[in-house]
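Reader: Please take me through this chain one element at a time, and state the cut-offs as the terms come up.

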Amino acid sequence: MADPSSLLPRLQQLGTISIEQFLNEYWQKKPLLIRQAFPDFQAPVSADELAGLALEDDVVSRLVVQRDETDWQVEHGPLPEERFAQLPESHWTLLVQHADALDPAINALLDAFRFIPNWRLDDIMISYAADKGGVGPHFDYYDVFLLQAQGKRRWRIGQRCSHESPLLPAADMKILQDFDTVEDWIVEPGDLLYIPPNIAHWGEADGECMTYSIGFRAPSHAEVLLDFSEEMASFTNPDMRYTDPGLRQQALAGEMSQQSIEQVQAIIHQYSTDKGALAGWFGEYMTRPNPAADAHFQTFDEEFDRNLMEAGQARLSRFARCAFFEEQAGCLVFINGTKWHCSRKLAVMLSNYEPIQWDSLDTLDRTVVVQIADAGFLISSEDDE
């Protein structure tokens with residue numbers, strides 16, 4: 001695999017478009033093709049290395065084989081090594097999810113996209129496709145950047161979709177039944193395609209190719225409400241109940257009064273009005289690693305060398321997910337679903353994955369750094385992981 005030392009700088013513009021213009025005009029609004037966004041891009045993994053990853057038990061992988069125009073079959077990893085010798089010459093693709101958790105050279109690609117907040121970044125999926133390989137016409141509920149790493153791929157952009165868009169009934173995947181082509185592009189190595197949520201797209205390899213998909217977290221309202229309610233419920237006790245001491249006799253016993261609904265509304269409302277509590281939950285929620293990716297996060301079993309911290313040679317591992325929220329008195333910093341109270345100075349160092357300047361920290365911040373080190377999230381800033 002590639003040397004991780006050559007970290008990609010954060011993108012300052014997308015082709016001729018500034019980041020500000022991109023966010024104003026394209027982000028979550030319309031697709032954008034950026035030719036040579038990454039000129040001379042060198043893929044961190046080869047096709048053979050990607051196939052090797054798909055053999056491993058703790059790697060999330062899929063093999064998609066297209067049988068005909070309406071039949072895509074999916075096999076979930078780990079895949080047996082002999083399976084690759086049985087594949088046809090065309091119309092199949094291999095996908096490896098959470099590839100950024102597998103190797104620092106792949107993870108380094110995330111740095112280029114940190115013009116979007118850290119906590120919105122999800123993962124990198126790598127796909128290798130034989131000629132005409134792909135996953136069919138589909139749409140996602142999240143933003144995605146598609147970086148062409150090797151070979152050529154044809155991308156067709158289609159209509160805006162929703163949960164009501166008809167899907168092929170017999171397919172093993174969520175393949176759109178209808179596709180209306182709006183744009184039709186051939187992309188080459190270094191080209192970058194941005195697709196907003198709910199926009200139909202259809203990628204098909206033009207010869208063998210590799211594509212890197214940088215996806216973003218977009219929890220559904222159902223997911224947010226379920227997790228938030230579970231978190232808030234953990235702060236209650238059996239004595240906290242629905243009460244109605246002002247109850248009045250009703251003419252109709254089966255009627256729910258306006259007052260009863262307002263009482264329930266007040267119960268729910270009280271748990272969402274505290275911005276600090278809401279931020280504390282949301283920061284933990286959005287920095288939790290995906291369970292499949294978390295299996296690859298390596299924490300240190302031994303106590304981290306305090307001398308490295310005191311010498312300013314420690315930083316947060318790039319495999320860790322980090323964000324912070326500024327309060328009136330300091331910050332909440334979140335790392336892989338756990339929160340600490342610290343200064344803004346330390347929160348910025350951690351979330352920027354910068355070397356921690358121990359001499360500039362007060363006693364509280366130093367205590368936090370030690371706790372983070374004990375949790376296994378710090379590495380030597382000289383270490384390529």
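Reader: Across which strands does helix H9 lie?
Author: Helices (DSSP runs of H or I, at least four residues) and strands (DSSP runs of E, at least two) are numbered from the N terminus, and angles, from 0 to 180 degrees, are taken between the N-to-C directions of axes, which are lines fitted to C-alpha atoms, for helices over the stretch in contact. Helix H9 covers residues 344-351 and runs at about 155 degrees to E13. The strands it lies across are E13, E14 and E15.

Reader: What conventions apply to the numbering and to the atoms used?
Author: The model is predicted, so that local features need pLDDT of at least 70 and side-chain atom pairs count only at pLDDT 80 or more, while totals for chains, interfaces and linings use all residues. Residues are numbered from 1 along each chain as its sequence is written, and side-chain values use heavy atoms, with hydrogens and water left out.

Reader: In what order do the three strands of the open sheet come?
Author: Strands count as paired if DSSP finds at least two bridges between them, and in this open sheet of three strands the pairing is antiparallel. Strand E13 (322-326) and strand E15 (338-342) each have a single partner strand, so one side of each is left without a neighbour in the sheet. From one strand to the next the twist averages 25 degrees. The order is E13-E14-E15.

Reader: How far does H10 reach from its first C-alpha to its last?
Author: The expected span is 1.5 Å times one less than the number of residues, and for the twelve residues of H10 the expected value is 16 Å. The span found in the model is close to that, at 17 Å.

Reader: Within what arc do the buried residues of H10 fall, seen down its axis?
Author: Residues are called buried under 20% relative accessible area, exposed over 50% and partly exposed in between, with a 1.4 Å probe and protein chains only; the buried ones in H10 are Asp 365, Val 368, Val 369, Ile 372 and Ala 373. The arc is that of the directions from the helix axis to the C-beta atoms. An α-helix has 3.6 residues a turn, so residues three or four places apart point the same way. The buried residues of H10 line one face of the helix, because they fall within an arc of 140 degrees.

Reader: Which exposed residues does the face of H10 turned away from its buried side carry?
Author: The buried residues pack against helix H8 (306-310), E14, E15, H9 and strand E16 (378-380). The face turned away from them carries the exposed residues Thr 363, Leu 364 and Asp 374.

Reader: With the side chain of which residue does the side chain of Gln 371 make a polar contact?
Author: Gln 371 belongs to helix H10 (residues 363-374) and is partly exposed, because its relative accessible area is 38%. A polar contact is a pair of N or O atoms within 3.5 Å; within protein, one must be able to donate a hydrogen and the other to accept it, and residues adjacent in sequence count only if both atoms are side-chain atoms. At 3.1 Å, the side-chain partner of Gln 371 is Trp 340.

Reader: Asn 336 is a residue other than glycine, so near what value is its positive phi, and why ask?
Author: Most residues other than glycine have a negative phi, and most peptide bonds are trans. Asn 336 sits in the loop between E14 and E15 and is buried, because its relative accessible area is 11%. Its phi is positive, near 50 degrees.

Reader: About what is omega for the cis peptide bond that joins Gly 77 and Pro 78?
Author: Pro 78 lies in the loop between E5 and E6. For the cis bond joining Gly 77 to Pro 78, omega is about 5 degrees.

Conventions
Contact means heavy atoms within 4.5 Å.
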